[in-house]
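Dear colleague,

Please find below the structure that I am handing over to you. My findings follow it, beginning with a question.

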Amino acid sequence: MENDKRQMEKDFQSFFTVNFPKVKNFARKLLKSDEDAEDVAQDVFCKLWQQPEMWQHPNDKLDGYIFVTTRNIILNMFKHQRIEQEYQASFAENAILCEIIEDDQALKDIYYKELLMILRLVLTKMPERRRMIFEASRFQGLSNKDIAEKLGVSIRTVEHQIYLALIDLKKILLFLVFFSSLLSSIMVLVVFKV
């Protein structure tokens with residue numbers, strides 16, 4: 001049994017010595033790297049070692065099998081490298097996104113400024129009396145009674161105009177919430193390539 005094992009090792013060593021340079025050269029042509037070609041050739045012969053029936057009784061199909069195995073190992077390397085590069089690119093994108101999101105105060109400032117700009121825009125589109133009543137109520141802190149006296153209208157008119165102004169603002173805010181959630185979903189799909 002021990003002699004059979006030694007003989008098997010000796011046979012494989014002879015097979016290895018004859019074929020290793022061919023496999024390594026083939027791999028080098030595809031990989032353009034001596035170290036990678038050496039690694040691939042070693043992988044090929046490790047696989048062959050586990051299949052003694054292939055190399056103990058070589059036939060004319062053995063060379064084809066060796067080169068197909070070499071090619072497959074190289075293709076798997078390329079596939080793995082591509083996946084690794086895609087992961088690294090995705091990781092970089094996610095890191096940037098997380099960095100932006102973690103700076104919560106900056107985002108809050110941006111959102112606050114955007115909301116103020118939208119609020120001002122909506123106010124400029126309102127009828128002038130409604131805008132004046134809303135600004136007096138919300139920005140100047142006047143009571144409904146004070147606004148009514150200042151503008152010479154009833155308290156009920158002031159309340160109704162504030163109500164209408166709030167409805168206009170709520171419509172815009174609902175649209176913005178819908179639009180921003182839609183935009184966020186699109187960004188998630190783009191960033192994470194779902």
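Which residues does Val-40 touch, not counting residues up to four places away in sequence? In this predicted model, Val-40 touches Ala-27 and Leu-31, and also Thr-70, Ile-73, Ile-74 and Met-77.

Val-40 also belongs to the largest nonpolar core, which has 17 residues. Val-40 is listed there with Phe-15, Val-44, Phe-45, Leu-48 and Ile-66 as the residues with the most contacts inside this core. At least two residues of the core are supplied by each of helix H1 (2-31), helix H2 (34-49) and helix H4 (62-102). In soluble globular proteins, nonpolar side chains tend to be buried together.

Phe-12 deserves a separate mention. This residue is found in helix H1. Phe-12 has a relative accessible area of 11% and therefore counts as buried, the cut-off being under 20%. Leaving aside residues up to four places away in sequence, Phe-12 touches Phe-45, Leu-48, Trp-49 and Trp-55.

As to the chain in general, its secondary structure comes to 8 helices and 0 strands. Of its 194 residues, 22% count as buried. Among contacts between residues at least 6 apart in sequence, 57% join residues at least 24 apart. The accessible surface of the protein chain comes to about 14400 Å², and 60% of this belongs to carbon and sulfur atoms.

With kind regards

Conventions. Residues numbered from 1 in each chain as written. Predicted model: local features only at pLDDT ≥ 70, side-chain atom pairs only at ≥ 80, totals over all residues. Heavy atoms only, no water. Core = buried A, V, L, I, M, F, W, Y, C linked by side-chain atoms within 4.5 Å. Buried < 20%, exposed > 50% of the residue type's maximum accessible area, 1.4 Å probe, protein only. Helix = DSSP H or I, 4+ residues; strand = E, 2+ residues; numbered from the N terminus. Contact = heavy atoms within 4.5 Å. Areas by Shrake-Rupley, 256 points an atom, 1.4 Å probe, with all protein chains shown as cover.
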